[in-house]
Each structure stands twice: as structure tokens, then as C-alpha cells.
Amino acid sequence: MIFVEARAVTRWYHEWIAVLIALLLTVATASALLASLGLDPVSSLHRIFIRPLTSVYGVSELLAKATPLITIGVALALGFRAGVWNIGAEGQLVMGGLCGGAVALAFWGIDGFWVMPLVLLGGTLGGLVWGAIPAFLKVRFNANEILVSLMLTYVAILLLSVMVHGPLRDPEGFNFPESRLFHDAATLPKLFSAGRGHIGFIFAILFAVLGTWVVKYWHLGFEMRVTGLSTSAARFAGYSRDRTVWMALLIGGAVSGFAGVVEVTGNIGQLVPNISPSYGFTAIIVAFLARLHPLAVIPAGLLVALSYLAGEAAQLSLGVPAATTQVFQGLLLFFLLGTSLLVNYRIRLGRVV
Amino acid sequence: MEYGLFTSIIHAIVIASTPLVFAGLGALIQERAGVLNLGIEGLMIVGALAGFASALAGYPLIVSVFVAAFAGSALASIFALLVLRLYANPVATGLALTLFGLGLSALAGSQYVGQAAPQVAEWIIPGLNHIPVIGRAFFSHDPLVYLSIVMAGTMWWFLTKSRAGLILRAVGENHSSAHSLGFSVIGIRFLAILTGGALAGIGGAYLTLVQTPLFVEGMTAGRGWIALALVVFASWRPFRVIAGAYLFGGVSIVQLHGQALGISIAAQWLSMLPYLVTICALVIIASRVKGENSAPGSLGITFKESK
């Protein structure tokens, strides 16, 4: 009989062994899936996962996609450690993009070094407000933050749609639901000559470093960790649950908002009705893949970004829908969650004693 | 035969709301057992594809509905295994379920895009369908509409009148107490998840079998999330799920017909309403003193059997 028993000692490498097993299982299952579609797994996997990385353009695209994932993943890792389930990062990202984009359009045509910081600030505030709503409702009324932040995601997407169809529409755009292209002073510089990789990636790395600092050395990080591990211990230590909720959602909101404005000013260059292929939701996978360690969010974000590229490559070269990305992502998350049992428990063969 | 605009709109609202009733009930039964499953969207779309594939293969409606229910249950069993046996985080697992379901259905469904399922015949209820206006609006529908109402009634009976239903609620309210009374928390939750998966699958199948007899990737378009919101809106009561579903469905149809009804504001503002109403409902329910309308006590908390 197979059974699980709690480990007496948990070592740091147990976490990463579990992640490795999850990755291997994902590749194995994906291969089986591809084989069942009548495709050769090895060459298909090579074509969709390796080939996109063999050009400057591909790497640049990878960094562009990893930018929002890493940025948001860091903030979510902090919040999840505190046991605050901000599922609405997508909405906070959209609000960030919308508000930042609105600032960029308001100062359209004006040059000045101060325009870009103002745009970034606008986006960050937009996300902050969107994160503050579930925080307020949770603290004041004990309303479930998962559902409130989720509902607000849909509201944010609709709000963006109203704005690009109406007030923020390009006056010379033949009624297309798009804003004007942002001018140069409100556009983030690119990293390479090819692809869409932009300077936002550097910000994302800085966020990951800062996040690690907060978790490891700041009292705030410690407080959030304690609250997440045990609410009674946190109460005993005099930590306020409300404060943790506020901090987790405000940080999540502001950082996701920042990621949103960076996405529109660095990558898209204008406001369109659909500014994110679910980066805010996918960042949740990134946070879990990193086992909620902010620094590990960097490789996790790159890996998940690769799954987006792989989806596009799969569509082009294998003729399967781009949504196949989601199959990979879903499988990866299933296996990660399943194998995380191995961190604190071990599998034993034999009789239950 | 021509019907008035009003009748047509009510008729359309019923059609738009029925998938939400099924999916909402599917979420409700799980939440009453203490399981928060954010994967309803994934379960729905897999059910949508399974039901559609079965209808295209020429099977009758009843078989297609069972196929969809089975597909939903099968996918939900992955969630059950992870959450109940491997103690995985239910929030993340539900999300994974949604992603996986959306991806899998897109991958497997690409061959069906562009094909149309056979039309489902309406079951006109003799006598009642001759009532002016509401006769056409409420009593001449496909059988699944009636099934959705019967399901809600059955679930109400089950949860309030049957012994098994009371045990299920006990597990949802306080799993430790239920466990010490000798009930199998894991077993009951497992059954609740399978049932919920089946209902969500049928809800999805309604989209492809009746609403738009086509399959398009991602066609559930957030209905699974609305179903979750509905359950809160309905304060975990089956009949209120119907009311909530018809409200959500109503808003979505009114927004489509907004122009004809003389509403001149942008459709998006109307579309926001259900979500905003749900947030208000969440606040009202949560701010009340714990009692009749509050969430099941053990909702979303992992149960670990101590040996």
C-alpha cells in the first residue's frame, strides 16, 4: 500500500525537486498529448519550445512576454505568502494600462522628461485603486477578496472597452476602437533592434530583487509570512490581519497597475480593447511555479513566457490552436500543486503503522 | 407566427440564463460541501465540446447531455484528487482546471469549428403555451430548460429535506465536527465535486446544443466565473440561483437589444451591472452577522485527516 507521511525535516532542496518532477511530468504528458495528435513529440517539442529561442527576435519576444508575468508574479508571491488571494491582478493590470494610457494621451505631443514618470505613476495609481477596493471591502465588510477582485477584473476590462470605443478613441482612426499611438516621450525604449522586448524587463528584474529583500529582511515581509502561515500566531504576535490584507492588495494592485502601464507604453504603444492575454491570471501560475520565492519568479516567468511563444509556434508550425498554451500551463500547474505534497510529506511503501 | 418584441426578449433571456442555472447549481453543491472550485469555466467548456461532439455524431439529446455530464465529472475528478487527496491549494487548482479545460477544448475542438449541431426540438407544454405573452416566453422551450428548473427543485429538496443533504451541509459547515461524527469528509466532497462537474458540463453543453449550435474556442466567455458569483449572490440557495441566473441572463440580453429598447448608453456599462451587483451582494452577505445567509463555514479550507 502506498501512503504519505509527514516529513520530520524539510530541506530546502525538497521544494525544487518537487518543481523538477512537475516539469518533467508536464513534458511527458505534453509529449503523450502531441503523440496522440499524430505528431512526433521530440521534433514537435523542439520546434515549439527551442526554435523560438534561437533568434534575437525570439529572445526579445520572450522578454516582452516575461515582463508582466515576472512583475506581477513577484507581487502575487508576496500576497499569497500572506494568505491574501488576489485573483484580480488581471483587472489591476488593465486599470494600470487604462489610467497610464489616459495620462499618455492627455499629454499627447508634449515632450519632456517628466511625461514618462507621470504616465507610469498614473498607471500605478490606477492599479492601486483597483486593488484597494477588495482590500477595503475585505477589511470593512469581510467580503471575499477572491470573488471581489475577480468581479472587478471584468469591470476593468469593460471599462477599458468603453473608453477605447468612446472618449479615448483615435479621432483620426476611422472609428476603430483604438487610441492614438503614444508619442515618443510616452513610449518605453526597446531592448533590441528586433522584437518587442523593452526596458520594462529591467524593471521586472528590479522588482524581483526588491521583493526578495522585502521577504527576507523587512519586517513587513516577515509579518506577512507569519500571517499566512498561522493567523493565530500572527494575532498572538500582535500583527494586524487588516494591515496584512491592505498591504497585500495595495502592493498587488500597484505593481500589477505598473505592469499594465509598462505593457501599453513598452509593448503595445496605444490603447486597444484587449491589452493582455490573461497575464494577470497566468502570473498566478508563475508565483506558484516559483514556490512564492520572489527571486525564483524570474526563471518561472521566463518559462511561462516560453509557453506563450510555444503556443504561437505550435499554431504556425504544427497547425494546432494557440490555446494549446493553456493546456501546457494548466498541466504544469496541476503537477506543481500535486507534487508540492512531496515537500512536506514523503511517499512510503508498506503498511500504515 | 410572429411574436412581440417583449415575448421574444423573455424567450431569449430564458435561453441565455439556463446555462448559468446549471453551472450555478454545480458550483453551489460543491460550496455547500465546503469546496470552492474556481474551475467551473473549464468544466463548462469541456462539457460544451463533449456534448457538441456527441450531437454531431448523431446521438440524441439525452445521450449528449450524459456525455457532457460525464466529461465534466471526469475533469472535475482531477480537481478532487488534487485538492482532497494531495492537499493542493484549491484556489490555484481551480484556476489550473479552468486553463486546462479551455486549452484542451480548443485543442480537441479545432476539428469541429464551423460545423453545426442539429436543432433541438422544443417541448411545448400543451395548454400553458397558449397563455398570451408568457406562454411563448416560458412554456415553449427545449427540454433542458425545464430540466434546469427541476434540478434546482431537486437540489433544494436534497439539501433541506434529505438526510444525505444534511450530512453534506454538515461537512461544509464544519468538516472537523462532521469527521468526528464519523462522516467521510473526503468521500462526500468527492461526490459533491463530481456532481458539480456534471452540472457544469451540462451547463456548457447547453451553449453548444441549444443556444448557438456551434463550437468556438473559449465560447463560455466567463460564464463559469459568473456562475461562481451567482452562488454568492444567491446566498447558497438553489432557487435563488435561478433568480440570479435570470437576472444575469436578462442583463446580457437587454444589452443586446438595448438599441431596440431605446437605451442609448454604451452596452459595456450594462454589462458591468451583474458584476457590480454581485460585489454589492458579497458585501451585504458578508457584513451580516453569521447566520442564515452566510457562506458555509469550511468553504475552501483544506481538510487533513489526522492519523
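About 80 Å³ of space lies in the largest cavity of this predicted model, in which local features need pLDDT of at least 70, side-chain atom pairs count only at pLDDT 80 or more, and totals for chains, interfaces and linings use all residues. Residues are numbered from 1 along each chain as its sequence is written, chains are lettered from A in the order in which they are written, and side-chain values use heavy atoms, with hydrogens and water left out.

**Cavities**

The structure holds two cavities of 30 Å³ or more. A cavity is here a set of points, on a 1 Å grid over the protein atoms alone, where a 1.4 Å probe fits but cannot get out, and its lining residues have an atom within 4 Å of a point; a volume is the space filled by probe spheres set on the points, which are joined across faces, edges and corners.

| Cavity | Volume | Lining by class |
|---|---|---|
| Largest cavity | about 80 Å³ | eight nonpolar, three polar and one charged residues |
| Second largest cavity | about 50 Å³ | seven nonpolar, one polar and no charged residues |

In these classes Ala, Val, Leu, Ile, Met, Phe, Trp, Tyr, Cys and Pro count as nonpolar, Asp, Glu, Lys and Arg as charged, and the others, Gly among them, as polar. The lining of the largest cavity includes B:Leu36, B:Val83, B:Leu84, B:Ile186, B:Arg189 and B:Phe303, and the elements that give two or more residues to this lining are helix H3 (61-85) and helix H9 (185-211) of chain B. Helices are DSSP runs (H or I, at least four residues), numbered from the N terminus. The second largest cavity is lined by residues of chain A, including A:Ala30, A:Leu33 and A:Phe328, together with B:Leu107, and helix H1 (12-36) and helix H13 (324-339) of chain A each supply at least two residues of its lining.

**Chain interface**

Between chain A and chain B, 42 residues of each are in contact, that is, with heavy atoms within 4.5 Å. The two chains bury about 3800 Å² between them, 85% of it on carbon and sulfur atoms, where buried area is the accessible area (1.4 Å probe) lost on being put together, summed over both parts. A:Met151, A:Tyr154 and A:Phe334 supply 18% of the area that chain A buries against chain B, more than any other three residues.

**Helix packing and backbone**

Helix H6 (residues 143-161) and helix H11 (residues 238-256) of chain B pack at an angle of about 150 degrees, with their axes 8 Å apart. That makes H6(B) roughly antiparallel to H11(B), a term for angles over 145 degrees, taken from 0 to 180 degrees between N-to-C directions of axes fitted to C-alpha atoms over the stretch in contact. Among the residues that meet are B:Met155 and B:Trp156 in H6(B) and B:Phe239 and B:Tyr246 in H11(B).

A:Asn142, with a positive phi near 60 degrees, lies in the loop between helix H5 (115-141) and helix H6 (145-165) of chain A.

Note on methods
Parallel < 35°, antiparallel > 145°, perpendicular 65-115°, else oblique. 1 Å grid on protein atoms, 1.4 Å probe; cavity = no way out; pocket = protein on both sides within 12 Å on 5 of 7 lines; lining within 4 Å.
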